Amino acid sequence: RATLLLSRCLLKMVKGNIVVPEEILSFCCNGLQGSTSPPRAREPGEREEAPGAMASPSPARNPTEVQMSQLVLPCHTNHRGELSTGQLLKWIDTAACLSAERHAGCPCVTASMDDIYFEHTISVGQVVNIKAKVNRAFNSSMEVGIQVSYEDLCSGKHCSICKAYATFVAQGPPGSKVKLKPLTPQTEEEKIEHSIAAERRRMRLVHKDTLKDLLTRSPQETAELETRDGSAAVPAEKTRVESVELVLPPHANHQGNTFGGQIMAWMENVATIAASRLCHAHPTLRAIEMFHFRGPSQVGDRLVLKAIVNNAFKNSMEVGVCAEVYGQEMSVSRRHINSAFMTFVVLDQEGQPRTLPMVAPEPGDGERRYREASARKKIRLDRKYVISCKQTEVPLSVPWDQSNKVGCCPRGSRCLLPLLPAPNMLPLPQVYLSYNNVSALKTLVAKANWVLAREKEKVRMYTLEEDKFLSFRIEMSVRIAASRAFSLLSNLRRRHEWDSHYVSAELVQQVDNDDMIYHVVSQTLSHENKPQDFVILASRRKPCSKGDPYVVAFRSVTLPTHPATAGFTRGETLCSGFCIWPESEETSKVAYYNQATPGYLNYVTTNVAGLSSNFCATFEACEKFLLKNKEDLIVRLQDL
């Protein structure tokens with residue numbers, strides 16, 4: 001009631017052109033907001049808080065981060081009322097491009113889109129939330145990470161849809177090349193993505209050659225002529241689709257080139273038609289193999305989109321789709337600008353995948369595509385087994401077998417494509433084990449909650465307690481060039497010279513210049529009172545750009561040629577290794593990381609608690625080893 005009277009009084013004063021004192025006006029306004037106390041006088045030097053300001057400042061936002069929210073309308077959906085994957089790809093590409101251009105400060109084009117796995121479908125009325133930000137900038141290209149989720153406005157439920165990585169290239173004036181500025185990560189998550197982006201880039205560069213080599217060395221397979229229910233296999237030719245699109249101004253981006261998301265949407269459309277012709281039903285897209293843009297197209301160009309079912313497995317099928325472009329209606333020559341491989345399933349009323357008919361490939365190219373589809377499915381299984389799983393869901397020691405017959409496919413299933421190794425290339429799934437080895441160490445390094453546990457002279461020991469794991473790191477500065485320390489510490493055959501726990505390390509397999517497998521014998525006794533031995537994959541990486549460390553990562557693998565024996569207890573290491581940062585031309589910071597396994601835990605906690613100085617003594621011996629051998633001629637030759 002008092003507030004109402006004050007309001008009426010104030011209104012009369014305003015109508016009568018009576019000047020209202022500031023104190024009364026402020027008091028009345030506060031009263032209208034529900035405050036019954038007079039305004040508080042500010043203390044000297046106290047800053048006035050902006051209206052609506054939060055009590056605590058929010059963390060700084062990544063300057064490249066772009067957020068997009070889209071309400072799914074009927075025009076965005078298919079016949080089931082679910083968001084069209086093609087439309088989703090448009091939104092993903094748009095958000096990623098805006099993020100890339102925010103960092104580059106100039107136009108950017110999509111170079112590639114890594115594999116995408118769709119976890120759920122999205123219905124009409126739900127909201128698609130897309131967050132994109134640059135993970136790392138290289139010379140003229142950058143990796144953009146994209147996270148997609150949906151939000152149900154009625155229930156408030158949020159659910160992840162997919163995570164993707166796209167590569168964008170900055171475009172300057174014709175004839176010039178754009179040099180991108182480096183990106184400095186701030187949060188722990190950003191530091192992890194920034195560090196692992198270099199390893200993902202390395203995998204993209206070898207993926208095509210690896211697949212090609214696997215196919216040339218694999219035995220020929222003959223397609224089955226009958227389906228699983230005994231009827232004749234469906235000729236692949238019956239699933240072929242060809243469609244042409246005229247690129248109009250609405251299909252182009254702000255640079256005049258055909259929008260990458262639009263091309264991906266057109267490709268998804270023809271791939272869905274091809275899949276439908278095989279199963280005579282409405283398929284659901286589950287995964288997309290990497291999109292790779294080989295060239296641009298402009299307004300006025302004609303895009304020819306082709307799709308065909310390459311292979312059908314028990315519950316899924318792969319559709320190959322490509323895009324070609326020509327400039328005039330009567331033009332004969334066409335440019336191949338994009339290709340992709342999409343995996344579809346057909347769901348029954350309970351949402352479970354239905355059994356699909358077999359495909360009879362066409363002779364020649366059809367048989368090649370049939371075999372390639374089997375190889376790609378195997379790659380996807382390997383990725384899911386090695387990379388996508390959480391560390392607690394996979395065994396410590398992952399199988400490494402040249403024929404890929406051990407642990408590569410699920411138990412009870414036949415190996416889809418027996419593969420042989422290449423002489424200068426990592427076989428599959430070895431390339432993914434190597435990736436997992438390096439990325440696991442980089443992830444551990446980027447963690448933010450390391451706590452200083454001990455310090456003895458120049459040696460510092462840190463610990464990290466996280467979930468079920470206790471990790472430690474030991475570091476010190478050494479007067480040696482980082483490249484030379486890297487060469488010395490990556491050679492496990494010399495580790496016994498400074499690490500008293502090592503008796504010997506035999507090089508079992510030189511996979512390539514960066515990955516080696518060793519059989520290590522340790523004098524440390526196990527609970528069985530026997531010495532331990534290990535089979536270790538050592539992966540070494542030089543810095544990708546300034547500021548990156550030299551990396552030597554270790555993890556256990558299973559090798560058929562070196563099974564466990566009665567004389568030793570087979571030990572395992574989940575994640576360990578060295579990171580070496582240059583501090584100057586002649587000084588380096590050397591750090592050793594280890595995620596302790598149960599068998600190693602007691603030894604770690606004894607040193608952390610100060611009941612033993614074994615760690616510090618070993619690291620001091622490492623420093624003496626590095627100083628003694630830093631002028632070694634072999635090491636200098638390796639640095640060249």
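I began with helix α5 (residues 260-279), which lies across β8, β9 (284-288), β11, β12 (317-326) and β13 (335-345) and runs at about 40° to β11. Helices (H or I, at least four residues) and strands (E, at least two) are DSSP runs, numbered from the N terminus. Contact means heavy atoms within 4.5 Å. Axes are lines fitted to C-alpha atoms, for helices over the stretch in contact, with angles from 0 to 180 degrees between N-to-C directions.

The model is predicted: local features need pLDDT of at least 70, side-chain atom pairs count only at pLDDT 80 or more, and totals for chains, interfaces and linings use all residues. Residues are numbered from 1 along each chain as its sequence is written, and side-chain values use heavy atoms, without hydrogens and water.

Next I traced the sheet. It is open, has 6 strands in the order β3-β9-β13-β12-β11-β8, and pairs antiparallel. Pairing takes at least two DSSP bridges between two strands. The edge strands, β3 (116-117) and β8 (241-246), each pair on one side only. I counted 6 bridges between β8 and β11 (residues 302-312). Val-241 has Ala-307 in β11 as its bridge partner.

Then I looked up the largest nonpolar core, which has 75 residues. Such a core is a set of buried (under 20% relative accessible area, 1.4 Å probe, protein chains only) Ala, Val, Leu, Ile, Met, Phe, Trp, Tyr and Cys residues joined through side-chain atoms within 4.5 Å. Met-142, Ile-146, Phe-291 and Met-317 touch the most other members. Helix α5 gives the most to this core, 10 residues.

Note on methods: Buried < 20%, exposed > 50% of the residue type's maximum accessible area, 1.4 Å probe, protein only.
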